[in-house]
Amino acid sequence: MHPPHHEVDHTVEPTDDPLAIRLEQLILGAERRYTPFQAARTAGVSMELASRFWRAMGFADIGQAKALTEADVLALRRLAGLVEAGLLSEPMAIQVARSTGQTTARLAEWQIDSFLEGLTEPPEPGMTRTEVTYPLVELLLPELEEFLVYVWRRQLAAATGRVVQAADDEEMVDRRLAVGFADLVGFTRLTRRLEEEELGELVEAFETTAADLVAAHGGRLIKTLGDEVLYAADEAGTAAEIALRLIETMTNDESMPELRVGIAFGTVTTRMGDVFGTTVNLASRLTSIAPKDAVLVDGALAVELVRTGDAPASETEAAEEAAAAEKEGEEPPSYRFALQPMWQRPVRGLGVVEPWLLSRRS
């Protein structure tokens with residue numbers, strides 16, 4: 001049997017290269033001892049369940065090669081034990097394996113491609129990279145492991161805090177969130193014009209800048225897709241502030257192409273760290289029709305900004321409020337954002353929508 005087409009194999013066939021085996025033993029902390037069948041039997045789980053866990057974590061089938069370690073047996077035993085104890089259902093345990101595998105696979109690929117590759121450049125002529133890699137990994141491994149656990153605990157604490165503040169059980173899964181997409185304009189043309197290294201640097205700069213801005217202003221980065229970033233926020237004002245900060249920051253960077261952002265507000269289904277639903281689809285569609293270096297929002301987000309006092313219902317109303325306040329000798333209301341209604345237009349799969357152009361009020 002082969003993994004479903006949507007799963008990606010993150011490993012290769014077991015190697016016999018001596019250095020690769022030494023590095024594997026260093027990283028895993030154990031020697032190869034078991035075939036998949038032996039590992040399943042030692043862990044006390046069926047081969048079928050062991051295969052499902054293994055594939056969910058993103059690893060390729062290895063036949064009956066003796067490539068597994070005590071760590072693999074322990075992992076199988078722990079997951080199966082959670083199911084046996086009734087703490088997790090079997091489908092939930094598979095989800096745990098899949099979400100952990102997908103997340104850490106990307107992290108590991110990044111660390112090897114962008115981190116270790118640069119650090120293991122031979123420091124002296126005549127030295128090979130392989131001669132540098134082993135001692136470097138030996139030094140870095142415990143530090144990176146500690147840091148990974150620290151960040152995971154921090155993120156888990158933050159996510160748990162958001163869940164326990166939910167109004168009810170349904171809100172833990174289906175929540176009202178502001179969802180934003182930020183998209184680089186003309187990225188396809190750039191891929192034909194720029195060298196691979198230049199394109200990689202541009203994408204990394206965009207993703208890094210977006211991630212920093214989203215985090216700094218109270219949002220959550222959901223995922224990056226090269227030329228596109230998806231983020232979410234509990235408050236409409238937070239999502240709006242992030243969108244405008246992204247536009248302002250990218251506009252001031254001459255190396256970056258134009259950016260467009262779309263935001264929608266509404267019920268969102270969360271699964272495995274991702275978000276789904278009509279609100280997400282609407283945010284994506286708004287991004288595709290947004291002008292360059294501009295932010296389009298849906299009617300629900302516009303209403304929420306007015307409700308929370310972040311934007312006036314109209315500039316006419318804002319002027320009337322300012323005049324009344326001046327007449328009374330009081331300070332006029334202070335709004336962060338301005339909203340301008342745009343022409344209604346049909347949006348594929350979502351019917352007719354009325355987007356609003358979001359801007360910052362001075």
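The model is predicted, so local features are given where pLDDT is at least 70 and side-chain atom pairs count only at pLDDT 80 or more, while totals for chains, interfaces and linings use all residues. Residues are numbered from 1 along each chain as its sequence is written, and side-chain values use heavy atoms, with hydrogens and water left out.

Side chains of opposite charge can pair when their charged atoms come close. With a salt bridge taken as a side-chain nitrogen of Lys or Arg within 4 Å of a carboxyl oxygen of Asp or Glu, the count comes to 14. One of these joins R33 to E70, with the closest N and O atoms 2.7 Å apart. Because R33 lies in the loop between helix 1 (18–28) and helix 2 (36–43) whereas E70 belongs to helix 4 (residues 70–84), the pair ties together parts that are 37 residues apart in sequence; helices (H or I, at least four residues) and strands (E, at least two) are DSSP runs, numbered from the N terminus. R33, at 47% relative accessibility, is partly exposed, and E70 is partly exposed at 35%, where buried means under 20% relative accessible area, exposed over 50%, and partly exposed in between (1.4 Å probe, protein chains only).

A salt bridge also forms between D183 and R260, whose closest N and O atoms are 3.3 Å apart. This pair links distant parts of the chain, D183 in strand 1 (residues 174–184) and R260 in strand 4 (residues 259–271), 77 residues apart. D183 is buried at 10% relative accessibility, whereas R260, at 21%, is partly exposed.

The side chains of D234 and R220 meet in a salt bridge at 3.5 Å, N to O. Since D234 lies in the loop between strand 3 (228–233) and helix 10 (236–251) and R220 in strand 2 (residues 220–224), this pair ties together parts that are 14 residues apart in sequence. Here D234 is partly exposed at 33% and R220 is buried at 16%. Elsewhere, a network of salt bridges links E241, R245, E248, D310, R336 and R360.

Turning to the rings, the structure holds 2 aromatic pairs. W54 and F59 form a tilted pair, 4.7 Å centre to centre with 40° between the planes; rings of Phe, Tyr and Trp (its six-membered ring) pair if their centres lie within 6.5 Å, and planes under 30 degrees apart count as stacked, over 60 as edge-to-face and the rest as tilted. F147 and Y150 also form a tilted pair, at 6.0 Å and 40°. Both F147 and Y150 lie in helix 6 (residues 129–164), 3 residues apart, about one turn of the helix. F147 is exposed at 52%, while Y150 is partly exposed at 47%.
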